[in-house]
Amino acid sequence: MTNFIAVPLKKTSDIDLVKPLKQLISTYYNGDESYNDSIEQLDKLRKDATFKGIENNPTSALQALQRYYDQLKLFASKCPINEVPINFKWKDAFDRGYSFLSSSSSLIIQSLAYERVCVLFNLAAAYSNVAATALNEDVHNEHALQLAAKYFQVSSGILLALKTEAPAALGQRSPQTDLNPSILDILHYLMLAQAQEAIYVKATQNNMSNANLAKVASQCSDYYGECYKLIQIVKSIWPDKEWFNQIQAKQLAYSAISDFHQSAVASTAKKFGEEISWLNHSVDSFKQAEAKSPLSEFLQTCYKKAVRRQEEAIKENDFIYHARVPEFRLLESVERFSLVKPAPLPVKFLPDTSDLFQGLLPLKAQQAWQKLEARKQEITGQEIASLQEASTTLNGVLASLNLPASLEDAPGVELPQSLQDKSKYVRQKGGVQYVSKLIGELPDLLKRNLEILDEIDQSIRNEENRDNAEREKFGKDKWTRTASSVLNKAWKDYVEKYRNIIKNAQAADEKVKEKFHNHEREIALLSNESKEAIANAIPSGYQGHNYSNAPCVQRLRQLMQEVASLKQSREDLENKFKNADFESIKSKFIETVNNEGSVDDSAMVAESLGKIFGPLQKEARDSKERQEALIKEIQSVNQDFVELKGGSQSSASERDAFFSRLAAAHDSFNDLLRHLQEGTKFYNDLTQLLVSLQSKVDDYCYARKTELEELNKTLDPSGSKSASSQYSSNTAGTTPSPAQPAQQPANAPPQPQAPNYFYPPPPLPNMPFSAYGTYHPGTGYPMPPQPNYYAAYPQGGYPPYNPYNTLPGQHPPGPGQQKPPSS
């Protein structure tokens with residue numbers, strides 16, 4: 001019986017998503033473990049959507065697949081879809097000749113895109129299953145007809161989308177039958193035909209006019225006819241032979257139904273000869289359809305109506321009208337009226353679905369966000385360094401003029417209040433002892449990083465020496481694996497970059513030490529808790545006057561207040577740069593990616609930075625211009641004050657110079673404290689980066705050692721054991737003496753080729769923004785760069801592979817590692 005057809009579901013094998021996805025998120029999101037529960041939920045959703053026997057409950061299957069697909073799609077947008085170390089295995093939906101575990105009907109790909117395409121195919125199948133089941137149970141049920149018409153169109157839209165998405169997910173691999181674009185095209189038209197059929201049945205219940213019913217039925221026949229035509233083109237690979245006859249039968253049946261309704265139109269127009277011609281052709285088409293495949297109850301009813309009306313029309317014409325019956329080919333063809341179309345693929349099948357990985361940025365948005373963060377840190381560091389340089393210049397000018405101390409210096413004043421405040425501040429911050437302690441710790445911090453870097457360098461060179469020795473031992477023709485000197489070039493570059501970083505840091509250390517030695521005596525005085533110690537150091541002999549009421553003094557005091565206000569506004573401005581909020585931009589990135597599928601990160605980053613940093617940068621420029629005006633006026637007014645006191649040759653000049661040195665020492669103490677604290681943090685952060693690098697290099701060396709031993713066993717089974725022990729003992733960087741190659745018999749089989757492993761160094765974690773950016777060029781600690789080692793590699797990276805999963809001392813792999821070819 002020709003009922004409605006449902007697309008079969010693809011089958012899959014059970015896999016564990018939890019461990020690989022935890023590793024993936026850890027790699028790309030800096031060890032974030034907050035999504036472990038979400039990963040376990042995703043794993044459960046997959047099991048619910050793919051368990052054996054799910055096809056027996058179409059509605060439950062559809063709901064489970066909708067939930068899993070929505071979450072899978074959301075997650076796939078947030079990670080590299082082709083770098084997921086999971087073997088997704090799916091069986092051809094139309095393969096019925098093999099067992100479930102038969103590899104001949106299965107395809108395995110390590111790609112979330114392939115998983116998503118297979119689940120999407122099953123969604124199309126599930127929609128068709130729900131629709132077909134509902135109509136096959138009761139084709140006259142109004143709710144079932146509405147649901148089926150909708151679901152068949154959704155299924156058609158999914159299958160149409162798969163024509164594009166499936167080839168992209170499969171790459172160069174040959175598609176299974178169910179994902180072949182030609183088969184997907186046939187299924188897409190089949191779903192449209194059945195949706196049009198459901199609407200036709202509903203229209204008959206709603207007493208649509210015969211003219212319109214003829215158009216609807218004619219379009220339904222055309223859809224089935226398109227399926228039949230496409231099947232004939234790919235008949236050799238068409239998976240289900242039974243469908244071939246069923247589809248052809250329905251094409252003929254709905255052509256017959258269209259003719260039946262058109263006969264009624266002719267009868268209404270009193271064209272009785274044409275009515276009979278339409279009916280004759282309708283009955284003939286029904287007979288052909290029945291010969292192809294048994295008709296459903298609904299179609300049998302339509303067939304009987306056509307036969308009965310044919311008999312009545314012929315009898316009426318013979319006795320009453322005597323109209324000439326024209327040939328069918330001379331009749332005007334019936335117009336088509338399509339009431340269906342493929343439904344567009346929704347963003348979510350369940351709109352209210354909450355994202356299990358909501359906190360993770362989509363991959364394209366994440367890349368744009370990282371670019372924004374890097375540029376943000378760069379601008380923040382530059383602007384803060386520029387502001388601090390301006391403040392240093394201002395402090396230097398004031399110190400050279402002994403301001404504001406000279407305004408407070410009067411007869412009976414042992415130590416101006418401003419210098420007392422500076423002394424108190426220095427003591428609260430630890431004084432000269434704390435600065436000396438930080439400076440004393442720098443050599444140990446430096447030594448620790450140098451030792452780690454030397455160990456990394458030695459490991460790389462030891463591995464290369466061993467590889468060179470084995471190549472010399474066996475010869476280039478037999479020792480065919482990629483040379484270590486090629487594979488470790490990126491590692492060596494990394495080591496060299498870090499050596500330059502440390503070299504620059506050492507230069508910064510020396511400048512800090514030099515600055516400390518230049519002001520050590522005055523800083524020590526300010527660190528003394530006894531006022532008498534400072535007072536005793538002040539040059540004596542000053543018998544000065546009280547100039548507090550002089551106009552130039554009053555103006556200088558006003559200017560000092562403006563200086564204090566300027567410094568406070570700069571501190572606030574620095575905090576604004578450091579705490580600039582870009583969270584709204586993150587949401588904009590996500591929205592753009594979700595709506596458009598991509599993001600013009602360069603344009604959006606520039607726009608976002610300009611919007612937030614633009615006003616702050618203008619404020620910084622205004623602050624510097626205000627400082628220039630202040631300095632000019634301070635110098636001018638101070639010159640009047642100096643002349644009022646008797647010029648530079650007055651007895652107060654030595655006293656003023658001393659106070660100037662104390663003020664300069666206070667400013668230098670502030671700079672030293674900031675530089676040393678940031679330098680200490682720099683060395684500690686650098687240690688973490690170097691330890692991470694050392695771990696990656698150890699993984700690389702261990703994998704190369706394992707590969708070397710396997711190749712050694714193949715080429716020289718008798719000497720492999722001693723060679724292995726020799727490798728373990730070779731830690732001093734010396735190259736062992738190569739042994740003589742073993743003699744091969746003349747008829748020896750060709751030696752196997754060594755697997756060509758690939759070990760790109762994975763990118764290290766980015767260092768967060770810190771005070772490194774506040775250093776003025778030439779005086780600060782450099783920030784380790786994050787080079788892109790994949791620039792010369794194929795776009796999208798290499799397929800993922802972690803060769804250490806089964807080896808001792810497991811470490812998370814870096815993205816982009818390649819799986820070796822199978823032996």
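Buried means under 20% relative accessible area, exposed over 50%, and partly exposed in between, with a 1.4 Å probe and protein chains only. This is a predicted model: local features need pLDDT of at least 70, side-chain atom pairs count only at pLDDT 80 or more, and totals for chains, interfaces and linings use all residues. Residues are numbered from 1 along each chain as its sequence is written, and side-chain values use heavy atoms, with hydrogens and water left out.

**View 1. L350 in the loop between α10 and α11 (363–400).** L350 is partly exposed, at a relative accessible area of 28%. Contact means heavy atoms within 4.5 Å. Neighbours within four places in sequence aside, L350 is in contact with Q66, R67 and D70. The C-alpha atoms of L350 and Q66 lie 6.7 Å apart, although the two residues are 284 apart in sequence.

**View 2. Helix α10, residues 297–321.** Helices (H or I, at least four residues) and strands (E, at least two) are DSSP runs, numbered from the N terminus. The 25 residues of α10 reach 34 Å from first C-alpha to last, close to the 36 Å expected at 1.5 Å a residue. The expected span is 1.5 Å times one less than the number of residues in the helix. Buried in α10 are F298, L299, C302, Y303, A306, Q310, A313 and N317. The buried residues of α10 pack against α6 (181–205), α8 and α9 (272–292). H322 follows α10 and has a positive phi, near 55 degrees.

**View 3. Helix α8, residues 241–268.** This helix has 28 residues and reaches 42 Å from its first C-alpha to its last, close to the expected 40 Å. Just after α8, K270 takes a positive phi of about 60 degrees.

**View 4. The crossing of α13 (residues 417–428) and α16 (residues 489–527).** Their axes come within 7 Å and cross at roughly 90 degrees. That makes α13 roughly perpendicular to α16, a class that covers 65 to 115 degrees; under 35 is roughly parallel, over 145 roughly antiparallel and the rest oblique. Axes are lines fitted to C-alpha atoms, for helices over the stretch in contact, and angles run from 0 to 180 degrees between N-to-C directions. L419, S423, V426 and R427 in α13 meet I523, L526 and S527 in α16. The residues of this contact divide into four nonpolar, two polar and one charged. Ala, Val, Leu, Ile, Met, Phe, Trp, Tyr, Cys and Pro count as nonpolar, Asp, Glu, Lys and Arg as charged, and the others, Gly among them, as polar.
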